[in-house]
Amino acid sequence: MTTPDHPFSPRGARLRARRVLVAGLALGVGLLAFPATGPSRVGAVGPLPACRVADIQTLPGDYDSWSTTLVDRILTVGEDYVPPDLVSVRDAGIAGGGYIREVTIDDLAAMAKAAADAGSPIGVWSPYRSYQEQVTIFNNYANFDGFDDALTYSARPGHSEHQLGLAIDFMTAGGGSPLPGDWGTTPAGKWMAANAWTFGWVLSYPRTKDGGFYSDITCFHYEPWHYRYLGRELAAKVHGSGLTIREYLWNNFTMVDPITGQPVPTATPTPSPSPTPTPTPSPTATPMPTPSAAPSASAQPVGTWLGVDPPVVLGGVGLIMLASIGFVAWRGLRR
Ligand SMILES: [Zn+2]
């Protein structure tokens, strides 16, 4: 397991900050009219933690926070996590069996129909798995391959997205196990890679940026069949960011210290009842040395100001100031 060129290098952070600045100005005033939407960002803990074996209780981890709950090699939902709204995947009219959270059903149905209409029908190979089922699966792999190797392609119990009731290992409808070969090169696999995110489903364990099979970012081997449901809105953001689910959730939502396991104390997503925005003079001119890589991501706890994200307000105000300066200079030239 080598250490690849890390996305959180200082140079990368500067480039991203510049991109954010330019994009913010370009969007400008128009954005001021758009209300903040989606799961409220509550800040996060900082750089992506390195892959290591730990059992830190993930946060958020309540059933309502399904879209932003992260499990990885470090974070667990524990033994008792059983989603309260499991339903048969057949409710989505898709081939295969097993259970999945009801929150996924409408988009799962729409995706299955679209895939079939495109001539590359998909089915469900493995959806929700309980903690106990994962005990059996992981132990089998560990006995066969050894603990360290098993870790790279199988989640320890408590650490599986399947236990969230939000992950499905897809197959080609009627095609059997997707595990042999590279399902990503099959018609169904290709269709999913191109389209699943538009239905709220994101590939959890992609190849590395240079095509490698094991990723030090996801701490997992490439799995072209394994998709996690995030809902359409968050899925679009994750897809647009170019980041993996693990990076995006650590950067934007996860509220637990990856070393100490303590909740991050600044996490209070409670909007002030009477917000008084006081924009600082040049909020975007001094890029924060934060590692957040998503264009709209902020490592600061943010609420909303009158329903508008503070960065949006500041970006809009900045553009107005620039326009004013330009206008004054233009008038000066005419005199
Ligand atoms: Zn899976």
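Buried here stands for under 20% relative accessible area, with exposed over 50% and partly exposed in between, using a 1.4 Å probe and protein chains only. Helices (H or I, at least four residues) and strands (E, at least two) are DSSP runs numbered from the N terminus. In a regular strand the side chains alternate between the two faces of the sheet.

Before going further, note that this is a predicted model, in which local features need pLDDT of at least 70, side-chain atom pairs count only at pLDDT 80 or more, and totals for chains, interfaces and linings use all residues. Residues are numbered from 1 along each chain as its sequence is written, and side-chain values use heavy atoms, with hydrogens and water left out.

Next, show the five strands of the open sheet, whose order is 4-6-7-11-8 and whose pairing is mixed; two strands pair if DSSP finds at least two bridges between them. At the edges, pairing on one side only, are strand 4 (95–96) and strand 8 (201–203).

**The zinc ion.** Now select the zinc ion together with its protein donors, His 162 (NE2), Asp 169 (OD) and His 226 (ND1), which lie 2.0 to 2.1 Å from it. Donors are N, O and S atoms within 2.8 Å of the metal (3.2 Å for Na, K and Ca), and since water is not among the atoms, sites may look incomplete. The spacing of the donor residues in sequence is H-x6-D-x56-H. His 162 counts as buried because its relative accessibility is 2%, and Asp 169 counts as buried because its value is 6%.

**Arg 228.** Return to strand 11 and select Arg 228, which counts as buried because its relative accessibility is 0%. Its side chain has a polar atom 2.7 Å from the backbone oxygen of Trp 66, and the side chain of Arg 228 also reaches the backbone oxygen of Thr 69 at 2.7 Å.

**The nonpolar cores.** Then display the largest nonpolar core, which has 30 residues, those with the most contacts inside it including Ile 94, Phe 170 and Trp 201. Such a core is a set of buried Ala, Val, Leu, Ile, Met, Phe, Trp, Tyr and Cys residues joined through side-chain atoms within 4.5 Å. Its largest share, five residues, comes from helix 2. Centre the view on Trp 201: leaving aside neighbours within four places in sequence, its contacts (heavy atoms within 4.5 Å) include Leu 108, Met 111, Phe 170, Tyr 227 and Arg 228. A second, separate core of 19 residues includes Ala 54, Ile 217, Leu 234 and Val 256.

**Confidence.** Finally, colour by pLDDT, the predictor's confidence in each residue from 0 to 100; the protein chain averages 80, and 65% of the residues score at least 70. Over residues 20–37 the pLDDT is below 50, as is the case over residues 267–310. Where pLDDT is low, the predicted coordinates should not be read in detail.

How values were computed:
A polar contact is a pair of N or O atoms within 3.5 Å; within protein, one must be able to donate a hydrogen and the other to accept it, and residues adjacent in sequence count only if both atoms are side-chain atoms.
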